[in-house]
Amino acid sequence: MTDQGIGARVLRKEDKRFITGKGKYTDDIVQPNQAYAAFVRSPHAHANVKSIDASAAEAMDGVEAVLNGHQLTGDAIGNIICGWGITSKDGSPMNMGAWSALATEKVRYVGDAVAVVIADSKAQAQAAAEAVMVEYEVLPATSNVRDSMKEGAPQIHENAPGNQIFDWEIGNKDETDAALASAHHTTTMDITNNRLSPNPMEPRSAVATFDESEDHYTLYTTSQNPHVARLVLSAFYNVAPEHKLRVIAPDVGGGFGAKIYIYPEEIVCLWASMKTNRSVKWTSTRSEAFLTDAHGRDHVSTATMGFDADNNIVGFKINTKANLGAYMSLFSSSVPTYLYATLLSGQYNIANVYCDVQTYYTNTVPVDAYRGAGRPEASYLVERMMETAARELGVDPGELRRQNFVREFPHQTPVIMAYDSGDFAGNLDQAKAAADVAGFAARKEEAAKRGKLRGMGYSNYIEACGIAPSAAVGSLGAGVGLWESAEVRVNPVGTIEILTGSHSHGQGHETTFAQLVSERFDLPTENIQIVHGDTDKVQFGMGTYGSRSGAVGMSAISKALDKVEAKVKKIAAHVLEAAEDDIVIEGGEVKVKGTDKAMGWHEVGLSAYTAHNLPEGMEPGLKEGAFYDPTNFTFPAGCYICEVEVDPQTGVTEIVQFTASDDFGTIINPMIVEGQVHGGIAQGIGQAMLEHAVYDDDGQLLSGSYMDYCMPRADDVPNYTVSHHSTTCPGNPLGMKGCGEAGAIGSPPAVINAITDAIGNNNLSMPATPSRVWAALQQVSAAQAAE
Amino acid sequence: MTKVSMTVNGKARSVEVPDNTLLVDYIRENLRLTGTHVGCDTSQCGACVVHVDGQAVKSCTMLAAAAEGAEVTTIEGVAASKDDLHPMQVAFKENHGLQCGFCTPGMIMAATDMVSRYKAAGKTLDEPAIREELEGNICRCTGYHNIVKAIADGASKMA
Amino acid sequence: MDMSGEYRIAAPIQTVWDAIQNPDILRGAIPGCEELEKTSDTDMTAKVSLKIGPVKAKFSGDVTLKDMVAPNALKIEGEGKGGIAGFAKGGADVQLAEDGDETILTYQAEAQVGGKIAQLGSRLIQSTAAKLADKFFANLKGELEEA
């Protein structure tokens, strides 16, 4: 058998071009007759646009055109939409405010674009953009939920009274209230999930080309889902009909959610290409990225968890207020609702859960999915509550969790999800052993001798990936189906092309998807090519986000491989004069079991295309496709244990050990999966200790560069100990659960639980910067002094 | 406009560019060597690191004109020949030290520079030293774990 | 962002009061001021060049004198646009008190910035703005005491 199949640590096929500088990212592409776009952006968080004077800019060297929002809407370019409808408690639909790619009457956040300059060079476009004179009437602004919900707050969209977008609920309120009222012990916490900027290292970019002779558009763009981009650009934004628009997402330098959405700049580049009859390129600067890439998280919650006299959880009630920014981004409404509140039962058997969520507009950049999307917020809430409750109850935090674990599957939670598999105690045990929890007391004592406070924190996360089936997500308000497609093309020489609707922007699909084929047909991965990211090559697909490419994307490939395998066996059985059931595929051959009768794999390919000797009625060729719609979400879960040392003099915290035990179901390439976990944990540590997107009260972004937004550097993070304890997912043919987001979902509560353990104060918010940790330590000293 | 001449990856290059052209734009836009990337505009991310006269430089912080007459090496020229890979390139692949690949060229250029500097100074490039040296290079995908391993491995391969 | 300060100026209160409204004196006192023209008794237009952190920009805008209670109190307000660098606005409540032949000037100032200056220079704005406000009143004292 091939050593490149499922479970092998195959080195990545795609690496060669990246390590030699031959990767092809959008900004590397130059089209003939290419012009450059520079956007004129509002410096005000909230203002009426009184006038735009472009006369000076238009007269400048190299300027092709200066275009504004009135021209855009005049050409019937549609408003940007949110694709997931949420219904409020009272049955009313969400209040979606109008969002034009170029603002016309009003700007609603710093960075909102009002005009675009198209010029021969980047420098000319930027210079001319500075010369566009915009007169604003500045309005009062609000930058957070607390201010947006106040009476008399500035009204951001006319159709959203009090700036509220929706007021939604899930679970059973009365029963949860009753359970909490009769609880033996309750734990209540106010928990904030800090706002983050996703920061893929490649800034967004777009190159649009209008071909007048064919009325055809081509868009190269930094997208996680080029087909969704084409659909939305065509069906809703009216840029071009789908068959006249080709969207290509070439090498994409990280996404993390920020590249799911179709942004104003892509719409404007396409439209401007038509207006000027030139290719139009725009590449974001990092400063623009901070202002305009959708941010993540930004929840403020109050939660109460109740326990009976035996420490069993009896009820959990949560209120969450979420900031969705100035406009509703593509999936923004689903994040604080169906991707969040449905996971609030955690790994635990809780009979009564109730959550209500209010979302608000603020004068900040839109907030949408960022690695984990709703699930990190849920896991942070549940796991901080569990740790705090254990401290209040005076029991071991691991054991409090263990006693409340869901043990039987399937398990229906009170908040929609039906968990299909898992061994939560197995993950807890594996992590505890790897983290040497038994030796912690001695390590703490040793640290104390060095003047350090050592702490340990758990996080037993569960999340949901591969959102499906389509009919179910449709009934919850989604505007799209969440299946995936694949096509398997076996060439006459036996090499294979896999066309997939998934998109790789760092995940290594070119390797793992090839491993799946290698496993099935016992062929070397170098004979297998993965094709993705081009709407002209791959017919349709839903793209990559929500850790869906394994469980959904690879399952679609597997289904297509089933069809190819069946046809190969039919052809071989016919040629070799044997029964189909006796045909086996191995070692590059298609053989009759138990005999020496065989054809080369490539000979079967050739037979299919010469069609000289095919079974009666069989069509020539060897190409099969599949659309795969899963029957359920998948539920990756795991246990993370973090150990920290805090310097009480300064509040400086060092993570001295980070241990992970994950259940991802079937693992195709452990090397790649470990890499995904490493990266996820680093982003989670970033959220827990370093990162915070901060606006001042006037809506000015204060953390707008790498000088002020603290990205994790190499010396901020430890080495990670990563292990797996897996149960097979029954919901898809490969048994996969998804691994892309787990690290970012599971790690923040482990870090904060460790720090709060070290300092003896549960009152600590992310990011736990040295000054915050120090302040929390002072609270402890002050309380001790008062006693 | 100024005529700026330098040797890039062993080849003499000479281009007329606006006076304020940054070295990174000269490399990417004029020479079309697009392996050198731009990930920020405040000189923090390190995606644009190249070698100028044997020293790692963030090419977004230097004017092309300031590199007049210099020997410049980019990721495209770091291997001994077209068919070869530099040991640090091999180490990044073998240790899965990259995911999306965007920061990778800058990481590799910074890594080979740090190995040479430590070797020249007779210092040991251990894990804490690698982590500290990577202060000026940001990666969002890998969590640095495998980058640190790759650099240690590459350093031993460069010996 | 709020700043305040106090200066003892060796000049009579009426002289100080007149000086604060004199464009020639203001031009010399406002840090980085390149142009200042009076358009009415209380309104002026100005061009000011400022550097905050990594952002250097030339602001053009208006200076207005308000809430005048001669010769004891007034409010100076300014607002300027710096093109792509963003905008800055601020104001100072100024009180003058007679102390023999001298005058005691106290002020409470506030400033607000937006756009690129806020994005890139936020860490430095507080200290820069406090320094600029203090420099303005120190310059004013200097001009008056020289004269």
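I took helices (H or I, at least four residues) and strands (E, at least two) as DSSP runs, numbered from the N terminus. The model is predicted, so local features need pLDDT of at least 70, side-chain atom pairs count only at pLDDT 80 or more, and totals for chains, interfaces and linings use all residues. Residues are numbered from 1 along each chain as its sequence is written, chains are lettered from A and ligands numbered from 1 in the order in which they are written, and side-chain values use heavy atoms, without hydrogens and water.

I placed Asp211(A) in strand S9 (residues 205-211) of chain A. Asp211(A) has a relative accessible area of 31%, so I logged it as partly exposed (buried is under 20%, exposed over 50%, partly exposed in between; 1.4 Å probe, protein chains only).

Entry two: rings. I found 24 aromatic pairs over all chains (Phe, Tyr and six-membered Trp rings with centres within 6.5 Å; planes under 30 degrees apart are stacked, over 60 edge-to-face, the rest tilted). Trp168(A) and Tyr338(A) are edge-to-face, because their planes stand at 75°, with centres 5.2 Å apart. Trp168(A) sits in strand S7 (residues 164-171) and Tyr338(A) in the loop between strand S14 (313-323) and strand S15 (353-360), 170 residues apart. Trp168(A) is buried at 4% relative accessibility. Tyr338(A) is buried too, at 15%.

Which cluster do ring pairs build here? They link Tyr348(A), Phe405(A), Phe409(A) and Phe424(A).
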